[in-house]
Amino acid sequence: MSQTPSAFVTHPMVSPAAARRRACLAPLAATLLLSPLAAEATELNLEGMNRYAAAAGLEGQEQVTSINQFSDVRPTDWAYQALSNLIERYGCVAGYPNGTYRGGQAMSRYEAAALLNACLDRITEVTDELKRLIKEFEKELAVLRGRVDGLEAKVGELEATQFSTTTKLSGLATFVLGGNAFGGSAAALVEDSRRRFGATTFNYDVQLNFDTSFTGKDLLRTTLRAGNFEGDSNSFGGAGPTNLSQLETAFQEEGGPNVVGIDRLFYQVPLGSGLTATIGARVGQEDMLALWPSVYPDSAVLDVLTLNGAPAAYNKNLGAGAGLWWQSDGGLSLSASYVAAHGQEGNPAQGGIATDGAGGTGTVQIGYGQETWGVAAIWSRIQNGNDLVVYGTPFTLDSYLLPGSTDAFGLSGYWQPQTTGWIPSISAGWGINRSRYDDAPAGSVRTSQSWSVGLQWLDAFASGNAAGMAVGQPTFATSLEGGDTPRDGNFVWEWWYKMQLTDNISVTPALFYLSRPLGQDSPDGRSFHQFGGLVKTSFSF
């Protein structure tokens, strides 16, 4: 009784490549050597051997290149895959002149040996060719081997000295050099503004983000931030006749300039089925939205023009909070969150969670976003008296200090071309707000509105650069308690051009103009406006 030859058993020390070659030939060898004998083992059937060798291409006939050339071989045959591998990898199998293989025909062991020898010859040819190539590119392979060794050493060094295996650090440092000019027919106001806020200033802002993931899908974010945009004397920090000239990058900790503080500390975790939960002791309203409905850069110039045309609804309340969002694969999203600006306080009159003094904002947003366009509707309920609506005319903001609540609605969207060119991306939004007071005095703001439009040109004049402009009206009164008609309108403009010097350094010169920043509080029959210019240099790392 025939047995499988031990030559087809892979030895533990055989190389993987050799093992694969043997594995390919093993089915053939087993099939051939176990086939029924056409003659006795001692009978030398030279005529049959020569006939098969000629038919199999072992005497110079052209080999087949695909198993499909055999008309009598079916995918259901038990040796189909083994035969296919021999033909396609080694080309050592041929059929009979009539296009058949005759896999069921018996052969002698000598015939099997002849076919096996032809396949082994082909493997030897491949091995010799590999040796020749290795010899020819010996120097290049040695260089690559040295580079790989060097990379392994560097990787080992980085692993040994890395800050953390779970935390990544990213940072942004920004310099701002600029100044403001004031003009108009309200001479006394103009002169006072020039005297108090007209100097050229040089300020900075630094942000360090520590992003930690324990599972690869969750996120614990800790942001350290410091700056010296003095809020009492620097127009870029929100000082002046109004705060509408405050820059998005402007920051100063409550403890004063050059003090490092915790700007963010929250944890996000996916719950499955498109759900993501967020909770934090210091989390922003915007951190818990599944969709930000704008492609206008949030780091352009004025902060008020980055809030989707609805500064009240997108008020970026910051404090203790939690939120949940759902996002489908198709782009539909739904977000809900609550933030208490004074959530760390224990006195219910001054803080806490969901108390009269919490400084709370509850937000619900529904949106749909794709790469080229998106739209979102938002509703926020705001506790008045906590400076949560930051940007608007002084007249409107004063009314928000009265006890009560404001329902803020916003509708925003964006569109951008698929390729860069002269057609800009467009981001636009509108907001309307309705206030209710515990005791509404006549003349207080009942309804207010806002809007903005932002345009951005990517790769403007040079690859990597960008240009943009925006215009809008920050929150202004449109109706008053008692029925009076307000004259609170105002316009804000900005223009900028970002030059990307390197992957990590950019310089952005910018201009902005506030046409009537005091709104209803403007002196009767007199004008007042503000013009600013700056150069912003950003270093990302």
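Analyst: Happy to! G351 is buried, at a relative accessible area of 1%, where buried means under 20% relative accessible area, exposed over 50% and partly exposed in between (1.4 Å probe, protein chains only). This is a predicted model, in which local features need pLDDT of at least 70, side-chain atom pairs count only at pLDDT 80 or more, and totals for chains, interfaces and linings use all residues. Residues are numbered from 1 along each chain as its sequence is written, and side-chain values use heavy atoms, with hydrogens and water left out.

G351 sits in the loop between β7 (332-340) and β8 (360-369); strands (E, at least two residues) and helices (H or I, at least four) are DSSP runs numbered from the N terminus. Setting aside residues up to four places away in sequence, G351 touches H342, E345, G357 and A358, contact being heavy atoms within 4.5 Å. Its C-alpha atom is 7.9 Å from that of A341, 10 residues apart along the chain.

Now for the wider picture. The largest nonpolar core has 22 residues, and L247, V301, L302 and L534 have the most contacts inside it. Such a core is a set of buried Ala, Val, Leu, Ile, Met, Phe, Trp, Tyr and Cys residues joined through side-chain atoms within 4.5 Å. At least two residues of this core come from each of β13 (466-480), β14 (492-500) and β15 (505-514), and β15 gives the largest share, 3 residues. Beyond its neighbours within four places in sequence, L302 is in contact with residues including L244, L247, V492, W493, F512 and L514.
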